[in-house]
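Student: I would like to learn how to read a sheet and a pair of packed helices. Could we take them one after the other?

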Amino acid sequence: MADTREAASGTARFRCLRCGSELMLPYTPGKIEERSCPNCESNSVRRLKPEPAKPALPGIDSRPGARHTGE
Amino acid sequence: MADVGRHPNIELLTLAEVRQVSGHVGEFKVKVHQRARHVDVRECTACGDCVKVCPQLRPDEFNVGAAQRHAIYQAFPQAVPAAYYLESADCLGLNPIACGKCAEACEKKCIDLNEPDRDLEFEVGAIVVATGMEAFDPFDVREFGYGRLPDVVTAMEFERLASSGGPTSGEVVRFSDGRRPHSIAFVQCVGSRCEPPGNPYCGNICCMNTVKDALVLKDHWPDIDVKVFYIDLRAFGKGFEEMLRRSRQLGVDYIRGIPGEIEEATDGGLVLHVENTELGRVEKHKVDMVVLATGVQPRAEARSLQHLLSLQLHTEGFLLEAHPKLQPVDSPIRGIFYAGCAEGPKDIKESVTQASAAAARAIRLTSQGSIPAEPHTASVIEEKCTACGACVRVCPYKAIEWEKGKPAHVVQAVCAGCGTCAAECRFDAILAHKFTDEQLISQVEAALADRPEEKTLVFACNWCSYAAGDTAGISRLQYPARQVLVRTMCSGRVDEKHILRAFELGAPMVLVSGCHFADCHYINANRQTQKRVERLWDRLEQWGIRPERLHLEWISSAQGQRFAKTMQEIEKHRARVTRREIAETKRILKEQRKAKVRAKKNG
């Protein structure tokens, strides 16, 4: 459903793995484009799939920029 | 042109379209569709008897519609071959209504109304792409009134008006009333160095074309008042500054500023509203005629040509060269060369220089008798190949031959050595020479042998990101010294297993870096890198490893600052990865490896 909506609008939700910002960027299914984060210019921009990601590990916050404890 | 037409070793095919190109350097197979000319070029003496009787009139394309031609015509006086051509779409004799007057009038009987189109096939060793460019159409730049105001013309239209062989025999006149203008304004950079609908790049030829036109005007009609509106004048060629100076001496008025609007004056002239940026004031200039110095742009067919020859387009739409400084004539595909504006805007001198270079490159290549292969090409290990065809799909050079059910085969003369096929092969059936899996993994292992948790492993492509590291070093830019670089020819060579091995050995962060999409030295191999990294982000997340630990960056060789900044930012991420997280990652990957082995055993 979300995919269909995205395809219709020509944009999709992305997350910058460097600065953590979430953004709407142009997106055409199947088309490979050079993308960059408008905030930090990183190309590590990952498309967020409709399902929310579950926590990576117990006790580890998978959000970018989060500090981790338990060394 | 005449020399080409007469040369015994050159076969000139006019009215021809390349439909298909297959094969590779030294053995290209080219299929050409040639439309019927309906005139025998060996017999036609261009006497013009046929033209006199032809009843059909059409706008003359060469004179940009300012004159008319017949259905049978010669494109322009110096056209080669020097023979007439019957445009079948315009001719009455080829339609149901029979005309045939031209055939009757031709004494030598060299007109054949029934001549069919031809499909030809050639085998050639090298190809030179010289498809040229087209002028920007200023119709959509509404503020200049082109198409609405008859006395606003393009530089090309002015060229035909001022030409002694043109529709007015060299008399410069206004389209509105046929009278000679007393004042002419040239507006520079129309469709160049601007926002859409224009193009962002410099047209290269417009400044000097305007200076030349201004000189022509002043030489023939010194009383005509000539004004040139410009952003800046680019007279950087040999003798060009002298031409510019001479035009100033003859009274050409150069005004720095591009008109915001051109409108019709009440008494029939044209008024240009312009901010004079030298004097810092808004001015009105009244003239009789305006010439728009339109920029150039890639031909509309460039995209289909790109697909036909597996070439790459620059972001501006021109064909991308193998290397902008060291191989400006070569395409990324071996055996294909560029001449002229197909590769970028250039003037006649530059086009001739490039054409000579392209011809020399093609001759050097084809006269050798053999073609040396790159040292780092790929080859298929036939015993391991499952004939799945994945390598064929990702090869940017179409260097891999494959038939269903048979092992793939890499044509060594065509392979450029990007290694994308080796990274894509799930069965490790492709050997990327000099950059084998064993060699790359050995480098990863050596890099992470000591205190891996303090390091970031960087896969850097030879041409751009690795060179950007050099640029950063030469520029003495500071960045943390915790990054260890592993060089590959192309980022497309970086396999998932290389990245996972780095994580398995305790790397907190991995960066895959390569050329920007427009700069990829292997046509488009880095698109596969992006696909692969995107897949791996998903997989890492599924396994419980943060995707934020794998970064992807496109850094060009000139972007030393970007390289340094990227390393600084990645170091911040690295510092946040704990020993516990690294240990957990190792455990997860170990389990994944075991599961993979189990799955393999179970078939």
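Student: In what order do the 3 strands of the open sheet in chain B lie?

Tutor: The order is β14-β15-β16 in chain B, with antiparallel pairing. Strands are DSSP runs of E with at least two residues, helices runs of H or I with at least four, both numbered from the N terminus; two strands pair if DSSP finds at least two bridges between them. This is a predicted model, where local features need pLDDT of at least 70, side-chain atom pairs count only at pLDDT 80 or more, and totals for chains, interfaces and linings use all residues. Residues are numbered from 1 along each chain as its sequence is written, while chains are lettered from A and ligands numbered from 1 in the order in which they are written.

Student: Which strands stand at the edges?

Tutor: β14 (261–264) and β16 (281–287) of chain B each have a single partner strand, so one side of each has no neighbour in the sheet.

Student: How many bridges join β15(B) to β16(B)?

Tutor: Strand β15 (residues 270–276) of chain B is joined to β16(B) by 7 bridges. H273(B) has K284(B) of β16(B) as its bridge partner.

Student: How are two packed helices described?

Tutor: By the angle between their axes and the distance between the axes. Axes are lines fitted to C-alpha atoms, for helices over the stretch in contact, and angles run from 0 to 180 degrees between N-to-C directions. Helix α12 (residues 465–474) and helix α15 (residues 560–576), both of chain B, pack at about 95°, with axes 7 Å apart.

Student: Which residues of α12(B) are buried?

Tutor: They are S465(B), Y466(B), A467(B), A468(B), G469(B) and A472(B). Buried means that 20 or more other C-beta atoms, placed from the backbone, lie within 10 Å of the residue's own.

Key. A residue is buried if 20 or more other C-beta atoms lie within 10 Å of its own, exposed if 12 or fewer, and partly exposed in between; C-beta atoms are placed from the backbone.
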